[in-house]
Amino acid sequence: MSALTFDKSELGNLEYSLQREMLATDRKGGYMSTTIVCCNTRKYHGLMVAPIDDSDETYVLLSSLDETVIQHNQSFNLALHRYKGVYEPRGHKYITDFEYTPTPTITYRVGGVILRKELLWIHKRTQLMIRYTLVDAHSDTTLRLRPFFAFRNKHSLSKANMDANGRSYPIPGGVKCRLYDGFPWLYLQTDKKDAEFIAAPDWYYNFEYPQEIKRGYDGYEDLLTTGYFEMNIKKGESVIFSAATDEMATSQTITQIYEASLARRTHKIDFLSCLHHSARQFIVRRSGGRTEMVAGYPWYGTVGRDTFIALPGVVLEQGYKEDCMAVLDTMVQGMHDGDFAGSASAWVAADAPLWFFWTLQNLERHIGAKELWARYGEAMKAVLEAYRRGFGDRVVLHDNGLVWAAAEGEALTWMNTKVDGQPVAQRAGYAVEIEALWYNAVCYTLDLARKMKDKDFVARWADMPERTRESFLAKFWLESNYLADYVNDREVNDFRRSNMIVACGLDYTMLSEEQRIEVLSVVRQHLLTRRGLRSLSPRNPFYEPSYADDQRSQDLASRNGSIWIWPLMFYVKSCFAIAGDQYLGEAEEILAGFHDEIQSACIGSVSECFEGDPPFHARGCLSQATSVGGLLYISDMVEHRKKARAKGKKGK
């Protein structure tokens with residue numbers, strides 16, 4: 001087990017601190033994300049990033065909050081910003097400590113002044129609260145708090161303009177601000193009754209976000225401040241600042257909400273508790289009773305394929321079957337003619353509806369076959385019938401029992417990034433993981449239908465599995481004793497990719513035990529690393545081992561060598577199926593290899609992917625549902641094996 005620890009002597013070193021980012025969410029679509037020294041390095045960073053309507057689009061409302069300590073008419077600004085080529089002010093030099101649990105906490109020391117800052121996102125509300133405690137001081141001390149606003153979509157940037165409303169409107173305990181019509185009011189309040197807000201609207205220009213510039217994007221932003229709070233603070237006294245889309249009635253309410261919310265926070269003290277906390281942040285309850293899963297923070301919204309892949313690990317590993325069903329119910333309600341909506345549709349992601357069955361297989365272990373069939377049986381049958389009818393000429397079930405997926409200039413599998421307008425890996429035709437998922441979906445539905453005595457369905461589909469299996473083995477099994485990546489009218493693509501592991505690790509597999517052993521051997525030799533499975537063998541001439549800074553290079557690498565965690569759960573599952581308990585030690589080593597990752601990029605979480613070559617730098621999205629879900633799924637397999645083994649020994 002690995003506790004979260006930070007080198008206090010390195011906190012003032014920007015090479016160390018700016019590479020470590022923190023994330024907190026409100027469980028309804030909003031989040032706070034910045035570096036551990038509160039210097040924003042991305043356009044996606046902000047202290048309050050939240051939806052303003054029923055969509056999953058989020059907006060940076062409050063970008064940052066500058067703290068200034070004043071003693072003897074001397075001001076010490078504790079903030080840290082990067083402008084064009086320079087950092088100003090340089091408040092990081094006052095930081096002496098950072099703690100992540102139970103809530104992100106930064107301690108500053110300025111001469112004889114010690115100030116502690118605790119940042120707390122309130123669950124199920126769009127509200128950020130920050131508690132400042134003057135731990136030590138030997139003279140009269142004044143605290144100044146200056147908010148900076150953006151009020152823009154998280155994918156865009158704010159520029160100085162004449163339309164922004166720089167006024168602050170008085171309310172009890174503070175002010176309310178709204179830069180543009182169409183946005184909610186933002187209520188800024190403190191629990192200190194004698195705090196004064198001094199109106200001083202002004203634009204600050206050219207905040208620089210180096211992570212965006214590296215990717216080849218615009219990385220300069222102008223932010224508006226409408227003024228600042230100023231208050232006296234005594235040694236031992238705490239002051240709570242609140243930014244919310246709802247007004248707090250009294251200072252007592254602010255204090256009560258903060259203390260009650262902090263008391264409910266779990267302590268993220270080791271690898272597993274951090275992953276559990278991170279997993280809970282992906283589930284979002286929106287208005288209208290919708291429950292969805294965010295694919296990753298800070299820039300993704302909901303992604304259908306990722307939802308189905310990650311759900312078993314994200315929610316079921318912790319026993320949250322209700323959350324799993326709530327997400328599935330939301331998606332099923334959006335179905336039309338057997339196809340899911342949006343990014344879960346087979347029209348844009350040929351495999352996405354087939355991952356639905358993978359989720360259901362795992363859910364069945366929690367609710368039983370009877371309840372699962374009653375709740376989702378019709379949806380399962382509708383999906384299969386939709387594939388049988390086909391989705392135009394894009395996704396077609398051929399007479400040989402295999403699913404054909406192809407579209408000019410598009411990639412319909414998970415390897416769907418584009419460079420220069422063309423897919424990095426189009427994989428048109430029969431793709432190995434799609435055929436594996438199709439076979440698994442049909443077999444699983446048939447087994448449930450037989451148990452539930454749905455004779456009509458069984459009669460219509462009974463011959464499909466064998467037809468699919470025969471065609472699959474004839475087309476995909478190579479003389480080199482592994483699976484082709486895809487097959488079409490022109491080629492049998494023999495690239496060694498992680499996609500073939502899906503055909504080994506699903507509950508229903510078309511491969512014999514000997515064939516699975518052969519595939520595992522190839523995967524182990526070419527693709528397995530301590531961070532997951534490479535998307536392409538290093539021996540392939542198209543292998544791209546590392547991300548460069550620009551987006552084009554990143555897109556090329558992401559599907560041609562970058563390491564992904566989610567295929568790793570199918571590798572581990574396959575190894576357990578072959579080796580049984582003898583594989584326990586190796587599975588535990590795989591998990592242990594990630595212990596340091598939760599404190600090196602996004603604190604307490606795991607990134608989207610990793611570079612293909614050592615030292616396997618974290619890349620992509622900072623906190624990714626498929627990565628967290630994949631590791632928790634592996635952890636669940638390990639724990640079940642250990643418990644079963646212990647029970648067996650006890651029985652003897």
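**Close-up 1. Helix α17 gives the most to the lining of the second largest pocket, with five residues.** The model shown here is predicted; local features need pLDDT of at least 70 and side-chain atom pairs count only at pLDDT 80 or more, while totals for chains, interfaces and linings use all residues. Residues are numbered from 1 along each chain as its sequence is written, and side-chain values use heavy atoms, with hydrogens and water left out. The pocket holds about 470 Å³ of space. Here a pocket is an open set of points on a 1 Å grid over the protein atoms alone, where a 1.4 Å probe fits, with protein on both sides within 12 Å along at least five of seven lines; lining residues have an atom within 4 Å of a point. The volume is the space filled by probe spheres set on the points, which are joined across faces, edges and corners. Look for Asn362, Arg365, Tyr633, Asp636 and Met637, the closest to the centre among the 21 lining residues.

**Close-up 2. Three strands form an open, antiparallel sheet in the order β26-β27-β28.** Strands are DSSP runs (E, at least two residues), as are helices (H or I, at least four), numbered from the N terminus; two strands pair if DSSP finds at least two bridges between them. β26 (430-431) and β28 (492-493) are the edge strands, each with a single partner, so one side of each has no neighbour in the sheet. Tyr486 has Asn493 in β28 as its bridge partner.

**Close-up 3. Helix α16 (residues 584-592) has Leu584, Ala587, Ile590 and Leu591 buried.** Buried means under 20% relative accessible area (1.4 Å probe, protein chains only). Seen down the axis of α16, these buried residues fall within an arc of 120°, so they line one face of the helix. The arc is that of the directions from the helix axis to the C-beta atoms.

Definitions and conventions: Buried means under 20% relative accessible area, exposed over 50%, partly exposed in between (1.4 Å probe, protein chains only).
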